[in-house]
Structures are given as structure tokens and as C-alpha cells.
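Subject: Structure for your review

Dear colleague,

Please find below the structure for your review. My notes on it follow.

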Amino acid sequence: MSSLHRGCRAAMPPSTWPERTSSTLSEAYYQPSLTAEYDEDSPGGDFDFFSNLVTKWEAAARLPGDPTRQVVVRSGVVLGRGGGAMGHMLLPFRLGLGGPIGSGHQFFPWIHIGDLAGILTHALEANHVHGVLNGVAPSSATNAEFAQTLGAALGRRAFIPLPSTVVQAVFGRERAIMLLEGQKVIPRRTLATGYQYSFPELGAALKEIVA
């Protein structure tokens, strides 16, 4: 979990109240489902180790006292150059060995790193923003759709699936769940606050990253 914090005295007017923005994981908070759609008001955070961990992270980020304006950004898989999730995926996809993970039917909540930074900045600077924001792109995709789109961005075919048994062996059963089971997460409140995405569509985001 990462957090940004700006503090000032509670006696100041609401526009200058203390504020805190923290980031946790949307794919860990909401329960995996092939059919459910989750927004910021959806329940979660209490069904396995990682969901409980996210709940504890968010609780630890809270500051006492009513004057505190707090924003929690639940991020999806962050896509960017030079590391992170893309750092693990690019080589096999460049070699034409990429493909969906497991069945590929699971949803893959994602966000371009530029938009995650933009949402955090928006949360700090816009005084009307508070509560939970889903830091995911507004266009959802399944894991198979992500693999096809990344392959297209690289000019490679992406049809070789990574079996779930291999994922479990490499990452362990609990971590593998985050790759093999996904959620359709919608940034309904994020959009309602007025944030405008630079990369709302997966194709454009991946083309910018691999260019």
C-alpha cells in the first residue's frame, strides 16, 4: 500500500482540512466472479487472506477525527513501462509465447500508470472527492481479451494458454487466485468526481506502453 498525505490544522475551513489518499488493490478486495459487477459501494474485503489484508490496510490508513478528508483508491493491475506486471509479461509475448492465463474468462481489472497517478493527484487536489475510488480503467476486459490486445500491440500471436496448474506451482495457491480469478470492477464514483482518463481503452494504453 502506498499513501500520500498533506496535513494542516483542523480549525481551518473545510477546503483546507487535512486530507489523505491511500492506494490498495481492487482485485484483492472484491470477491472473484465471472458474472458480478463491482463498484465502489459493493461489499468485499472479508472472504480470504488478501481481501482481509486490504481491509486492514485501509483501516490503518484512516486518521482519527471528523475533519479528515480521506480517499482510498483501490487500484487494478497497473500497466506501465519498465517493470511491474508488464515487466513479467513482455518477454514471452514478444517471443510469440503469450496467451491467456488459465481459462482466460476471468476479468482483468487494469489501469495505465499515468491514470493511477492522475487519480491520486485528482483526489488530493479536488476538495469534493472523498471515500473510495476504484482506480481501474472504465473499459473492462477479460484475461483472454487482454492477451489478444497485448499480442496485437506487439504484432504477435497470443494463443498459448498458461495452465492454472503451472500458475499455482509458480506463485502458490493464494497468490495464484489473483491471476486465475478476476472481477469486473467499474470506476463509477471515480468518473462521477470528474476525473478524465488519459487511457480509457486497453488497446491505446498497451500501444503507448510498448511503443
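Among contacts in the protein with a separation of 6 or more, 80% are between residues 24 or more positions apart, where contact means heavy atoms within 4.5 Å. This is a predicted model, in which local features need pLDDT of at least 70 and side-chain atom pairs count only at pLDDT 80 or more, while totals for chains, interfaces and linings use all residues. Residues are numbered from 1 along each chain as its sequence is written, and side-chain values use heavy atoms, with hydrogens and water left out.

The protein has 9 helices and 8 strands; these are DSSP runs numbered from the N terminus, with helices (H or I) of at least four residues and strands (E) of at least two. Of its 211 residues, 45% count as buried (buried means under 20% relative accessible area, exposed over 50% and partly exposed in between, with a 1.4 Å probe and protein chains only).

The largest pocket

The volume of the largest pocket is about 1,100 Å³. A pocket is defined on a 1 Å grid over the protein atoms alone, as an open set of points where a 1.4 Å probe fits, with protein on both sides within 12 Å along at least five of seven lines; lining residues have an atom within 4 Å of a point. Grid points are joined across faces, edges and corners, and the volume is the space filled by probe spheres set on the points. The lining comprises 42 residues, of which Ala85, His88, Met89, Phe171 and Leu179 are the closest to the pocket centre. Two or more lining residues come from each of strand E5 (77–79), H3, helix H5 (143–154), helix H6 (164–171) and helix H7 (173–180). H3 contributes the most, with 6 residues. By type, the lining has 26 nonpolar, 12 polar and 4 charged residues (Ala, Val, Leu, Ile, Met, Phe, Trp, Tyr, Cys and Pro count as nonpolar, Asp, Glu, Lys and Arg as charged, and the others, Gly among them, as polar).

Helices H3 and H9

Helix H3 (residues 84–94) also meets helix H9 (residues 202–210): their axes come within 13 Å and cross at roughly 85°. The axes are lines fitted to C-alpha atoms over the stretch in contact, with angles from 0 to 180 degrees between N-to-C directions. H3 is therefore roughly perpendicular to H9, a term that covers angles of 65 to 115 degrees. Met86, Leu90 and Arg94 of H3 make the contact with Leu206, Ile209 and Val210 of H9. These residues divide into 5 nonpolar, no polar and 1 charged.

Individual residues

The contacts listed here leave aside neighbours within four places in sequence.

Arginine 81, in the loop between E5 and H3, counts as exposed at 52% relative accessibility. Its contacts are Glu208, Ile209 and Ala211. Arginine 81 and glutamate 208 are 127 residues apart in sequence, yet their C-alpha atoms are 9.0 Å apart in space.

Threonine 193 sits in the loop between helix H8 (188–192) and H9. Threonine 193 is buried, at a relative accessible area of 13%, and touches His122, His128, Val129 and Leu133. From threonine 193 to histidine 130, the C-alpha distance is 9.2 Å across 63 residues of sequence.

Glycine 131 belongs to strand E7 (residues 131–135) and is partly exposed, with a relative accessible area of 26%. Glycine 131 is in contact with Gln70, Val71, Val72 and Arg189. Its C-alpha atom is separated by 8.5 Å from that of valine 73, 58 residues away along the chain.

With kind regards

Terms used:
Angles under 35 degrees count as roughly parallel, over 145 as roughly antiparallel, 65 to 115 as roughly perpendicular and the rest as oblique.
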